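Subject: A structure for you to look through

Dear colleague,

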Amino acid sequence: MKTAAAALLAAALLAPQLRAEEQPVRAGAGGEGFGHLTLMDDVRLRFTGYVDAGFFAAQGDGTAYVRDAGKLLHPEYQGVVPWVFLGDPWGNPINSQGDSADLGLDRTNIPRFDPIHSGGHPSFIVNMVNLGMAASIGSSFFFETSVGFEPRQGTLGSSGDQFDVDLAYVEWVPFKTVDLHVFAGKFESTFGIEYRTRKAPDRFGVTPSLISRYTVGELTGLKVRGSFFDQHLTFNLAVSNGGTFTEKFAHFFNEVDFNGGKTLSGRVSVLLPLPFTAEIGASGEIGAEDEQRSDSTVQWLGGVDLRVSIGDATLKAELLRGHADGGGIDQAASLRVTGWYGELQYQLLPWLGLLGRVDRRKADLLAFPNLYLTDELRYTGGLRFDVSWNVIAKLEYAKLVEVTGPEIPDDLFTSSFIFKF
Amino acid sequence: MRKPWFVFALALAVALPAAAGGTISGTVTLAGGSGPLAVVYVEKGPEPATRAEPARKDMDQRDTDFQPRVLWVRAGDSVQFTNKDNFYHNVFSPTPGNQFDLGLYRGGVAKSLELPRAGEVDVYCNIHPNMKAKLLVVPDGRSTQAAADGTYSLTGLPPGDYLVVAWTAVHEPVRREVRVRAGETAHADFSLKARGAESAHLNKNGEQYGRYK
């Protein structure tokens with residue numbers, strides 16, 4: 001047995017060298033080994049990572065919401081909820097992971113954990129230090145981890161620094177000729193298209209859309225992803241502890257599940273047979289609401305997306321509706337949300353890109369005793385400079401409009417300087 | 001006895017110019033006055049009398065770049081890509097009809113690519129988006145590189161109508177129809193205008209360089 005095992009190990013180790021002696025590849029032949037079926041080929045272990053630093057300046061005191069003191073604007077909530085807030089606490093993010101310029105004070109005027117807490121003052125910041133490791137075992141198994149570190153100000157004995165293992169999964173490609181991937185562990189979202197560029201080096205601009213908080217969260221569980229008809233039909237299907245929400249004032253997600261109900265999520269997309277890239281997709285997820293123990297309290301999300309690339313221009317758009325029942329023994333948060341964004345990216349020169357985005361989010365979020373009423377419209381313009389393949393500089397300005405309620409001084413300039421390897 | 005020799009000499013006199021064929025020559029002028037040397041080749045025309053054996057050329061990966069960045073070969077030739085860096089590279093092309101993916105491979109490893117179809121082929125690395133190169137695959141051996149002064153000459157062409165192309169990697173290619181007569185030289189001059197800025201390219205999965213799982 002030992003001899004057989006040694007022979008197998010030797011064969012596995014020699015396989016890369018043997019593959020290097022293969023017959024020449026024929027251009028235009030396609031077939032096995034092309035594109036999406038290739039994992040890491042001969043690579044056994046690879047380290048990746050990036051540093052994202054920036055400078056930002058927010059209007060006002062840095063917060064993008066206000067308290068409806070005395071419920072003067074919403075008297076219908078007198079005696080219903082103790083506190084009503086207007087605006088969007090996460091409407092003026094300064095970086096790719098969506099950290100707000102300032103979260104303000106809580107209802108008792110005690111500082112809450114606020115990772116940025118700029119107070120409206122311009123500041124330099126290290127947004128993220130990310131390290132990743134990828135390894136392959138043969139040509140069928142792939143393992144990836146990613147850890148993000150965020151240096152932040154500590155409070156009351158807490159260091160403040162955050163780290164997050166955002167990816168830790170094994171990917172299995174069971175067939176050589178079928179584009180089918182099975183994932184187990186903590187992996188990327190299955191909802192919409194924004195998750196593909198959630199990390200700073202991958203995002204064309206600096207900040208996420210207003211609805212990314214519902215779509216880009218990583219899932220822990222099992223996922224199957226398959227593409228057919230030369231990638232013209234693709235599906236993603238996952239069963240996981242929780243959903244793709246990353247709403248931070250009222251958590252709708254669990255790292256470890258707090259109830260027995262699992263979340264089913266998925267997306268189907270079609271690449272249209274046109275002379276340019278045009279992809280349409282539909283996504284959905286449903287499961288027991290997170291951060292509460294009942295299996296019958298439900299949260300769901302549905303949406304459609306579009307991606308069109310013509311030459312150097314790319315248009316991306318997403319529309320979603322979401323709901324969380326809330327209530328129950330844990331007084332879970334309830335949510336009703338609709339939102340959308342349209343983003344146009346144009347690579348004017350090989351080193352210069354232009355960004356324009358409009359997004360809107362309408363939401364009623366009740367995280368008792370706080371009710372957040374939001375109807376936010378945001379216009380974003382940006383520039384992207386590809387200094388080299390691993391050095392990128394991005395600038396962005398966002399104009400926020402409170403469609404209902406008082407206008408809040410919460411416009412924002414932010415920037416991002418990325419080095420990746 | 002003299003008659004057969006006379007007939008043979010007469011036949012030779014007729015056949016030789018035809019066998020020698022005609023010539024296309026001229027000058028390639030590049031916008032801006034200078035640039036890379038142009039390749040001039042026959043895209044369509046009478047079948048050549050002979051076809052050369054397939055050959056091999058080299059395009060290395062060195063210092064996170066393709067070297068050379070531009071290479072021209074004949075259809076049926078192969079190109080060997082040798083990774084001369086100390087880290088991994090990939091080589092792929094999304095060019096329709098000539099797409100390929102040599103996979104990701106370590107320094108010191110070489111992989112070969114056969115190019116059976118004529119055309120311009122964009123070459124990229126899937127992990128280093130700055131790495132870009134172009135291959136020009138010409139249909140057959142009736143091709144040449146213009147001299148530094150822009151002059152070129154394609155010789156030994158059977159009589160007939162030809163479509164001739166002048167090409168560089170940074171200029172818009174220009175095509176001209178040329179009629180070749182046996183033993184004569186046809187002239188075709190080309191004036192090439194610069195191409196627009198090169199588009200940002202996608203990775204081998206048709207996505208922006210980034211994640212897609």
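In which loop of chain A is A:K71 found? A:K71 sits in the loop between β3 (65-67) and β4 (83-87) of chain A, where strands are DSSP runs of E with at least two residues, numbered from the N terminus.

Before going further, please note that this is a predicted model, in which local features need pLDDT of at least 70 and side-chain atom pairs count only at pLDDT 80 or more, while totals for chains, interfaces and linings use all residues. Residues are numbered from 1 along each chain as its sequence is written, and chains are lettered from A and ligands numbered from 1 in the order in which they are written.

Phi of A:K71 is positive, near 55°, in a residue other than glycine. A:K71 counts as partly exposed because it has 18 C-beta neighbours inside 10 Å; a residue is buried with 20 or more other C-beta atoms within 10 Å of its own, exposed with 12 or fewer, and partly exposed in between, the C-beta atoms being placed from the backbone.

A:E291, which is not a glycine, likewise has a positive phi, of about 60°, and belongs to the loop between β12 (277-288) and β13 (298-310) of chain A. Because A:E291 has 19 C-beta neighbours inside 10 Å, it counts as partly exposed.

There are also cis peptide bonds to look at. One joins A:F368 and A:P369, with omega about 15°, and A:P369 lies in the loop between β16 (352-367) and β17 (370-388) of chain A. Another runs from B:Q67 to B:P68, with omega near 0°, and B:P68 is placed in the loop between β5 (66-67) and β6 (70-74) of chain B.

Definitions and conventions
Helices (H or I, at least four residues) and strands (E, at least two) are DSSP runs, numbered from the N terminus.
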